[in-house]
Amino acid sequence: MSDSDDDIPQLSAATLAALQEFYTEERDGLVQSTAPVDKYSVGAVEEDWRMSQFWYSDETATRLVEEVIHEAGKGGRIACLSAPSVYQKLKQGVVEGSDGVSAVVLEYDRRFATYGQEFIFYDYNEPLALPEDVAPQSFDFVLADPPYLSEECLNKVAQTVKYLAKGKVLLCTGAIMEEHAENLMGLKICSFLPKHNKNLANEFRCFTNYPSNLMS
């Protein structure tokens with residue numbers, strides 16, 4: 001995958017400095033973890049900002065999971081497109097109703113293949129290069145978080161979303177993509193402000209094509 005560095009969501013200066021220090025310590029073997037990690041915990045797969053990976057805060061992941069469960073309905077199928085932290089929070093089973101839906105995670109990072117058949121390799125540069133068993137309009141709810149803040153990336157992700165979704169779509173991306181999101185998929189901006197574990201300089205927002213609780 002390739003894209004301009006300008007399109008990657010930007011970390012704040014303080015967060016970037018701390019992250020660079022962490023990577024230095026990790027490289028020098030100073031960062032160790034002996035505690036067992038639940039494979040569905042957010043952070044079980046460490047975010048890699050070089051792949052434009054920024055995991056949601058626990059509060060945001062929980063709120064988004066509540067939304068997708070409510071809108072997908074009992075027995076609903078959910079696709080988490082480039083949004084692994086939402087998938088992980090859903091699979092933890094801590095949000096009411098999570099046992100009544102099913103979910104898959106579509107990701108470029110093959111570390112998420114640990115989730116077995118619920119992992120679908122996804123490269124936004126090939127938006128329709130999906131396994132044969134992924135049928136069109138086969139998901140009751142699609143949540144997408146494009147890796148880059150560019151029209152080119154959103155154009156391609158929108159192709160995937162339209163292929164997967166029966167109807168309801170929730171997009172999480174930079175506020176600067178508002179006009180493009182509406183033109184491409186008829187999405188409206190919500191008042192809810194998603195937060196990440198690492199503070200980003202870019203303002204992020206949610207957009208939906210249905211009357212959402214996130215709008216109030």
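In the predicted model, buried residues account for 49% of the 216 residues of the chain. The accessible surface of the chain amounts to about 10600 Å², and carbon and sulfur atoms contribute 48% of that area. Five helices and seven strands make up the secondary structure. Read from the N terminus, these elements follow the order α-α-β-α-β-β-β-α-β-α-β-β. Of the contacts between residues at least 6 apart in sequence, 73% link residues at least 24 apart.

Helix α3, which spans residues 84-91, is mostly covered. Seven of the eight residues in α3 are buried, namely Pro 84, Ser 85, Val 86, Tyr 87, Gln 88, Lys 89 and Leu 90. The buried set thus includes the charged residue Lys 89 as well as the polar residues Ser 85 and Gln 88. Cover for the buried residues of α3 comes from elements that include helix α2 (58-72) and the strands β1 (77-81), β2 (102-107) and β4 (139-144). After α3 comes Gly 93, which has a positive phi, near 75 degrees.

The largest pocket holds about 310 Å³ of space. Its lining consists of 25 residues, and those closest to the centre of the pocket are Met 51, Ser 52, Gln 53, Glu 107 and Pro 147. By class, 16 of the lining residues are nonpolar, five are polar and four are charged.

A search of the whole structure returned zero disulfides. A disulfide is a covalent bond that joins the sulfur atoms of two cysteines. For Cys 172, the nearest cysteine sulfur is that of Cys 206, at 3.7 Å; because a disulfide requires the two sulfur atoms to lie within 2.5 Å, Cys 172 is in no disulfide. Cys 172 is buried, with a relative accessible area of 0%. The sulfur of Cys 206 is likewise the nearest cysteine sulfur to Cys 190, at 5.9 Å, and Cys 190 is in no disulfide. Cys 190 has a relative accessibility of 1% and counts as buried, since the cut-off for burial is under 20% relative accessible area.

How values were computed
Residues are numbered from 1 along each chain as its sequence is written. This is a predicted model: local features need pLDDT of at least 70, side-chain atom pairs count only at pLDDT 80 or more; totals for chains, interfaces and linings use all residues. Side-chain values use heavy atoms; hydrogens and water are left out. On a 1 Å grid over the protein atoms alone, a cavity is a set of points where a 1.4 Å probe fits but cannot get out, and a pocket is an open set with protein on both sides within 12 Å along at least five of seven lines; lining residues have an atom within 4 Å of a point. Grid points are joined across faces, edges and corners, and a volume is the space filled by probe spheres set on the points. Helices (H or I, at least four residues) and strands (E, at least two) are DSSP runs, numbered from the N terminus. Buried means under 20% relative accessible area, exposed over 50%, partly exposed in between (1.4 Å probe, protein chains only). Contact means heavy atoms within 4.5 Å. Accessible areas come from the Shrake-Rupley method with a 1.4 Å probe; for residues, only the protein chains shown count as cover.
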